[in-house]
Amino acid sequence: MVASVRLVRYTPSSAAAALMRRPPGKAIVSIGGRHPLAVYVVTGGAGFIGSNIVARLVAEGQEVRVLDNFATGHRENLAEFSTKIGVFEGNVSDADLLRSAFAGADYVLHQAALASVQRSVGDPVATDRANVHGTLRVLVAARDAGVKRVVYASSSSVYGDVAELPKHEAMTPAPKSPYAVSKLAGEHYCAVFPAIYGVETVSLRYFNVFGPRQDPKSQYAAVIPIFISGIMAGREIQVFGDGEQSRDFTYVDNVVEANLRAAQAKGAAGKAYNVGTGERHTLNELIELLQQLIGRAARVEYGAERAGDVKHSQADIARARADLGYEPQVSFEEGLRRTVQWFRSTESTTFFLVDR
Ligand SMILES: NC(=O)c1ccc[n+]([C@@H]2O[C@H](COP(=O)([O-])OP(=O)(O)OC[C@H]3O[C@@H](n4cnc5c(N)ncnc54)[C@H](O)[C@@H]3O)[C@@H](O)[C@H]2O)c1
């Protein structure tokens, strides 16, 4: 059975009270250079990446609030923290909800978005509303609440299909899909808010993130959860193209670490950073590794390439290393091992039984 999530409606006064509950002795202790017991709002916290951020913050003893409309995220992603976090259910475009959620907050880690190239090709207006208008609303609310910094989840898709690899932040973005346009528009808003409104922002361009809690069932699911669940179940998996397209597949813990560093790093405000591993692997390599880890042969069907997909992607992470002190801690292989293990441990319980 799936545990239900406690919904906590915070009001500005309860947020202020929460701040005052900080044990005075603890307030001066620092974890990895970060101030403990700060108040973090994670938009999209019920999603894949957001819930992994929430897990880390809760483990560190931070105060965590999630704002999510559960469009693509799931309550079961938050079930294990349900007594430890506040959940604000609703849209990132809802100014009143944002005001309540951001009252007294130190940092906003803005992950909420419709996070799919294919979905954006089918419904570009919905993607724009959630990703562009939603981000603008988040920034305005952060300004009004006096939030110290907003970290924005951008995407490697802003680079488009440029031939030069690895992709670095000085390149001119060339988005190829409505989704990529929306992520770039959000970055542009983030870039102007520090100078005009004094709101500190940092944009992180994630490169193909994977790991526990990534949804294999959505129509727009990413390739790694689809392949793992497909191979485990003996289903045929589909590759669009010849399988030689490559990606900088990044384990989610690396992305979580980048977010926490970006919230604090001096001199990072107003900038964009690649968050990847600096390597790339083809889909054929991925399938080979998954077969070994799962111990089962994959049934692969190769088909036509998809509109909006880029051929190769690989991050240059020099800027994130220099400014954020970011270093990917979990390799592609180790990340896949952990992800397969997670799928095994959840296969017979919650995730595969939940109807959506
Ligand atoms: N997963 C990746 O490989 C990847 C790569 C690049 C960028 N990103 C970005 O990272 C972020 C998180 O992606 P994810 O993979 O965890 O996706 P996800 O779909 O699992 O999470 C997104 C979350 O945002 C919520 N959400 C969507 N629209 C909302 C709205 N209007 N109001 C409130 N909540 C809303 C969803 O319910 C969900 O919980 C997104 O901004 C995405 O664009 C992800």
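This is a predicted model: local features need pLDDT of at least 70, side-chain atom pairs count only at pLDDT 80 or more; totals for chains, interfaces and linings use all residues.
1. Seven strands form an open sheet with parallel pairing, in the order E3-E2-E1-E4-E5-E6-E11. Its edges are strand E3 (85-89) and strand E11 (271-275), each of which pairs on one side only. On average, and with direction ignored, neighbouring strands of this sheet are turned by 20° against each other.

2. **The pairing of E6 with E11.** Strand E6 (residues 200-206) runs parallel to E11 and is joined to it by five bridges. Leu204 has Tyr273 as its bridge partner in E11.

3. **A helix across the sheet.** Helix H6 (residues 178-197) lies across strand E5 (149-155), E6 and E11. Relative to E5, helix H6 runs at about 155°.

4. **The ligand shell.** There are 28 residues around the ligand, and those that come nearest are Gly44, Gly47, Gly73, Ala113 and Ala115. Two or more residues of the shell are given by each of helix H2 (48-60), helix H5 (124-145) and E5. The largest share, three residues, comes from H2. Sorted by class, the shell around the ligand holds 15 nonpolar, eleven polar and two charged residues.

5. **H2 against H8.** Besides its part in the ligand shell, H2 packs a contact with helix H8 (residues 252-264): the two axes come within 9 Å and cross at roughly 65°. The two helices are therefore roughly perpendicular to each other, and the crossing is right-handed. On the H2 side the contact is made by Ile49, Asn52, Ile53 and Arg56, and on the H8 side by Val252, Val255, Val256 and Asn259. Five of the residues in this contact are nonpolar, two are polar and one is charged.

6. **H7 against H9.** Helix H7 (residues 223-233) and helix H9 (residues 283-294) have axes that come within 10 Å and cross at roughly 40°. H7 and H9 are therefore oblique to each other; their crossing is right-handed. H7 contributes Val223, Phe227, Ile228, Ile231 and Met232 to the contact, while H9 contributes Leu283, Leu286, Ile287, Leu290, Gln291 and Ile294. By class, the contact of H7 with H9 comprises ten nonpolar residues and one polar residue, with no charged residues.

Methods. Residues are numbered from 1 along each chain as its sequence is written. Two strands pair if DSSP finds at least two bridges between them. Helices (H or I, at least four residues) and strands (E, at least two) are DSSP runs, numbered from the N terminus. Axes are lines fitted to C-alpha atoms, for helices over the stretch in contact, and angles run from 0 to 180 degrees between N-to-C directions. Two residues are in contact if their C-beta atoms, placed from the backbone, lie within 7 Å. A residue is near a molecule or strand if its C-beta atom, placed from the backbone, lies within 6 Å of it. Ala, Val, Leu, Ile, Met, Phe, Trp, Tyr, Cys and Pro count as nonpolar, Asp, Glu, Lys and Arg as charged, and the others, Gly among them, as polar. Angles under 35 degrees count as roughly parallel, over 145 as roughly antiparallel, 65 to 115 as roughly perpendicular and the rest as oblique. A crossing is left-handed if the near helix is turned anticlockwise from the far one by less than a right angle, and right-handed if clockwise.
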